[in-house]
Amino acid sequence: MLKHLPLVPIFELTNIIHNIIKIGYFPIVWKTATVVPILKPGKDPTQAESFRPIALLSILGKVAEKIILKRLYHHVDENNILIPEQHGFRPDLSTTHQLLRVVETIKSGFKKKKSTGAVFLDIQKAFDRVWREGLIFKLIKYDFPPPLIKLISSYLTDRNFSVRINDTYSSHRPTEAGVAQGTLISPLLFNIYVNDIPIHHNTTLCMFADDTAILASHTEPKLVARAINRHLLVLEDWFSKWKIALNVAKTEAVFFTRKTRLIYPDIYLHNERIPWSQSTKYLGVTLDKKLTFKQHITRIRENFIKKAHTFSHLISRRSKSSRSNKLLIYSSLLRPVITYASPVWSFAAKTHIQKLEVLQNKTLRQILKADWYMRNSSLRNAINYKTIKNFMKKIAKTFFTKIDNSDNISIQKIEKYTPTRRTHRPRNILIN
């Protein structure tokens, strides 16, 4: 929309942003957020915590943020500030990359007859509770230019919000802590704030923004627990120092092992024992203790069926939508439910993958109004669609080609191997 403005307003906006950067002052009017509460799926609407706050901010403010963000990234990249273990909100890195590190660490351990303990930390309202003075201190520590620090300080302070429900607005309230939701700059500021998180030589740290996991592998379970407990002790002090709260009740741990008889060692966080779970959900993928991904694929099927039901009036046999529109809905909104992070788990057993093939076949038959005697392969060929397995293989080829050329140190440390029928690891999907 801004692109279609006449030249005079564009020049005026350019001049305003230039002066914002020059004097280090971010306008208060652009720091006022309208918060719209959205009910979380399946939650009690009478409880405030059941709603997810969505912050709406000025479009003009976001234009200014984009320019400021470029200056921040320039300093971050030029000085190689961010730790390689942090993959959140970074170019050429995604949740799939971090999940690959987790899965390959565990699978590499299995190959060496090791078990791997993993703790998945739950940070309470991470963005909302960032200690602003601590963040400014870290910007100074990382030698950001003083004018930029002054601007960020102005950007963080004097922020306020009002809540909108239908057409009714609450009075304005100040936000006295945290980095603002719904902004372009906040994710990078959070990454900078947690950038000096302690790293332990006997564990592997995995981060995607505030989603943090630590892993340790060894043939002896007691030594796995010892390494994790030592790292957790250091992390407790660091989180306390920088006023970051951990939710011990929601922190989960999984002991990934092929051993059937095992006495699980104890691990502790803030003097509370963390029980070992059979599985956990990390970055959208369910990881079971043997990494079969059976539970993950079951959850994919459930999510796909729910979402397909949502669009049933558009893709059903009775729908008057064109075939091309129906296929567009499937390829852009439904199939991604199946293929999310697939390079990490698509090596799962054929019986599990076949369940996903059935989902696609049923949906395509519905879209194409196929009769019972028509073969699934003939239908796919008619519209030039791959099987789910071949489509995931195509995604994986592109993904692993980029992985092999990655300049991220944490990615480069992933064990290199040639996939074979016996390896049973992510790259197995590449085998013809």
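**Surface, salt bridges and selected residues**

Mentor: Lys3, Lys66, Lys70 and Arg71 gather in a patch of positive charge on the surface. This is a predicted model, in which local features need pLDDT of at least 70 and side-chain atom pairs count only at pLDDT 80 or more, whereas totals for chains, interfaces and linings use all residues. Residues are numbered from 1 along each chain as its sequence is written, and side-chain values use heavy atoms, with hydrogens and water left out.

Trainee: What makes up a patch?

Mentor: Patches consist of residues with over 30% relative accessible area and no salt bridge; like charges are joined within 9 Å, and nonpolar side chains (Val, Leu, Ile, Met, Phe, Trp, Tyr) within 5 Å. Accessible areas come from the Shrake-Rupley method with a 1.4 Å probe, and for residues only the protein chains shown count as cover. Lys and Arg count as positive and Asp and Glu as negative, while His and the chain ends are not counted. The place of a charge is NZ of Lys, CZ of Arg, CG of Asp or CD of Glu.

Trainee: Where does Lys3 lie, then?

Mentor: Lys3 is in the segment before α1 (7–23). Helices (H or I, at least four residues) and strands (E, at least two) are DSSP runs numbered from the N terminus.

Trainee: Is Lys3 buried or exposed?

Mentor: Lys3 counts as exposed because its relative accessibility is 78%. Buried means under 20% relative accessible area, exposed over 50%, and partly exposed in between (1.4 Å probe, protein chains only).

Trainee: Which residues make the nonpolar surface patch?

Mentor: Ile23, Tyr25 and Ile28 make a nonpolar surface patch of about 280 Å². Ile23 has its place in helix α1 and is partly exposed, with a relative accessible area of 48%.

Trainee: Changing topic: how many salt bridges are there?

Mentor: The count comes to seven salt bridges, where a salt bridge is a side-chain nitrogen of Lys or Arg within 4 Å of a carboxyl oxygen of Asp or Glu. One of them joins the side chains of Arg425 and Glu104, at 2.9 Å from N to O. This pair links distant parts of the chain, with Arg425 in the segment after α15 (409–412) and Glu104 in helix α3 (residues 95–111), 321 residues apart.

Trainee: Are those two buried or exposed?

Mentor: Arg425 counts as buried because its relative accessibility is 3%. Glu104 is also buried, with a relative accessible area of 4%.

Trainee: Which other residue does Arg425 pair with?

Mentor: Arg425 also forms a salt bridge with Glu415, and the closest N and O atoms are 3.3 Å apart. Glu415 is partly exposed, with a relative accessible area of 25%. Glu104, Lys111, Glu415 and Arg425 are linked in a network of salt bridges.

Trainee: And what does Lys141 pair with?

Mentor: Lys141 forms a salt bridge with Asp196, with 3.5 Å between the closest N and O atoms. Lys141 lies in helix α4 (residues 132–141) and Asp196 in the loop between α6 (186–193) and β7 (204–208), so the pair ties together parts that are 55 residues apart in sequence. Lys141 counts as partly exposed, at 46% relative accessibility.

Trainee: Let us move to Thr34. Where is Thr34, and what does it touch?

Mentor: Thr34 is in strand β1 (residues 32–39). Not counting residues up to four places away in sequence, Thr34 touches Ile54, Ala55, Leu56, Ser162, Arg164 and Tyr169, a contact being heavy atoms within 4.5 Å. Thr34 is buried, with a relative accessible area of 19%.

Trainee: What about His270?

Mentor: His270 lies in the loop between β10 (268–269) and β11 (272–273). Leaving aside neighbours within four places in sequence, His270 is in contact with Glu236, Leu246 and Val248. His270 is partly exposed, with a relative accessible area of 37%.

Trainee: Finally, which residue has a phi near 55°?

Mentor: Asn166 does, and this is a positive value in a residue other than glycine. Most residues other than glycine have a negative phi. Asn166 lies in the loop between β4 (159–165) and β5 (168–169) and counts as exposed, at 67% relative accessibility. Lys243, which is not a glycine, has a positive phi of about 60° and is found in the loop between α7 (221–241) and β9 (252–256).
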